[in-house]
Amino acid sequence: MSQEEAAAKDGGGRRRQRNLRSPDVMEEIRQLVERHYRSELVEKAKEQGGILRAGRTTIRLARQFGFCYGVERAIDLAYAARKLFSDRRVYLLGEIIHNPEVNGQLKELGIEMLPTLLRNEDFARIRKEDVVILPAFGAEVKVNERLQQIGCQIVDTTCGDVMSVWKRVRQNSKEGVTTILHGKVGHEETRATASRAVGGGTGHYVVVYDLKEATLVANYIAYGGDANVFLQMFEGKTSKGFHPDRDLKKIGVANQTTMLKRETEEIQNLLRWAIQYRDGGSLANYRAFDTICGATQERQDALFELLKEPPDLMVVVGGYNSSNTTHLVEIAKEKVPTYFIRDSSRILSAERICHFDIGLKVEVEAEKWLPCGEVEIGITAGASCPNNLIEEVILRIFEVRGEGLSF
Ligand code: SF4
């Protein structure tokens, strides 16, 4: 069965295959999806070059922001599953994407969220007749296997770009190549990818979060070191039974699709250098694939472009646990004061804003965030942020500035 097909019972109780994204199903759910997430204001603004002006306030939107194709598809599939299996319990494994608004809407539709890390008692609740939606980040191999054993209907919304990474790391495992995975160790996508990097149990991986951790791996490859110290430093970040002396002979670099492209490239260069240094200039034991997804890259590139003529400040909209959004914040912060907010409710007034500090990992309150007089504000949003939230942020900014936007 393809990813987008699912078994459904027709009116007579007979089982038949349905394509979840078939035109008739999509027709039924389109209005609902659009009502929840569409913004006419944002669409018009995009058509007009992304600039909105009223009085002394100018907003410049990045050329690319908001929902990506993978997220749109995952949402379509989740809504379609709810519609098609209206008489069955529908569960969602963790969050469909990292946006509280979207997950909240799915809950409203009656989709029950399971914890991301399923415990035995969670599996015990799932029955054969139930439907389980897997998120856009994918799920670990062992979770898929348990669900298949239960025999429930699985609606897999894993993004194709994530599955391309899985193909690469599976190939590594078959060829005795250890995957060095640039990603966040607890992130759903990295866990799902790492579970494929071990293949049938013979492959290995090490997860590196940033350049600092990649440097530790590169130094071990180039100069050797104390294996126990290495294993302590990477506790919980390697495959079971991994040993640096044995398993760093051949490496392949891959990444969580939503990492910072610039950092991924630096990590690739560093590890390539380490292998060349150790192997007398040969790259026979090194592989790298650019697995940053197109949507992440486009949003990062669009932000760099916007920042070429820096606005007075940036507002980044999205879920605080969203990896691609966090990287947009990192990029913007280097150039201008940046406020990361999940929605318009965080703009308390023209003087005060409650925003997420990515270093402290908590919301903090800032005063005097908006300059007086003429101001230019850049706005972008992560791939999991719907346009309706961006519209609300735009309108709120004009509201607190006391300026009515006529569009
Ligand atoms: S951010 Fe990239 S990998 Fe993630 S869902 Fe969107 S297109 Fe797919």
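**Helix H9 and other helices**

Reply: Helix H9 covers residues 211-223, and its 13 residues reach 17 Å from the first C-alpha to the last, close to the 18 Å expected at 1.5 Å a residue. The model is predicted. Within H9, the buried residues are Glu213, Ala214, Val217, Ala218, Tyr220, Ile221 and Ala222. Those buried residues pack against both strands and helices. The strands are S9 (178-182), S10 (205-208) and S11 (251-255), and the helices are H10 (227-233), H11 (244-247) and H12 (261-278). After H9 comes Gly224, with a positive phi near 75 degrees.

Helix H3 (residues 69-84) can be checked for length in the same way: its 16 residues should span 22 Å at 1.5 Å a residue, and its end C-alpha atoms are 22 Å apart, so the two agree. H3 is mostly covered, with 13 of its 16 residues buried.

For a helix pair, take H13 (residues 294-307) and H14 (residues 323-333), which pack at about 20 degrees with axes 10 Å apart. Because angles under 35 degrees count as roughly parallel, H13 is roughly parallel to H14. The crossing of H13 past H14 is right-handed. On the H13 side the contact involves Thr296, Arg299, Gln300, Leu303, Phe304 and Leu307, and these meet Asn324, His327, Leu328, Ile331 and Ala332 of H14. By type, the residues of this contact are six nonpolar, four polar and one charged.

Methods: Residues are numbered from 1 along each chain as its sequence is written. This is a predicted model: local features need pLDDT of at least 70, side-chain atom pairs count only at pLDDT 80 or more; totals for chains, interfaces and linings use all residues. Side-chain values use heavy atoms; hydrogens and water are left out. Axes are lines fitted to C-alpha atoms, for helices over the stretch in contact, and angles run from 0 to 180 degrees between N-to-C directions. Helices (H or I, at least four residues) and strands (E, at least two) are DSSP runs, numbered from the N terminus. Angles under 35 degrees count as roughly parallel, over 145 as roughly antiparallel, 65 to 115 as roughly perpendicular and the rest as oblique. A crossing is left-handed if the near helix is turned anticlockwise from the far one by less than a right angle, and right-handed if clockwise. Contact means heavy atoms within 4.5 Å. Ala, Val, Leu, Ile, Met, Phe, Trp, Tyr, Cys and Pro count as nonpolar, Asp, Glu, Lys and Arg as charged, and the others, Gly among them, as polar. The expected span of a helix is 1.5 Å times one less than its number of residues. Buried means under 20% relative accessible area, exposed over 50%, partly exposed in between (1.4 Å probe, protein chains only).
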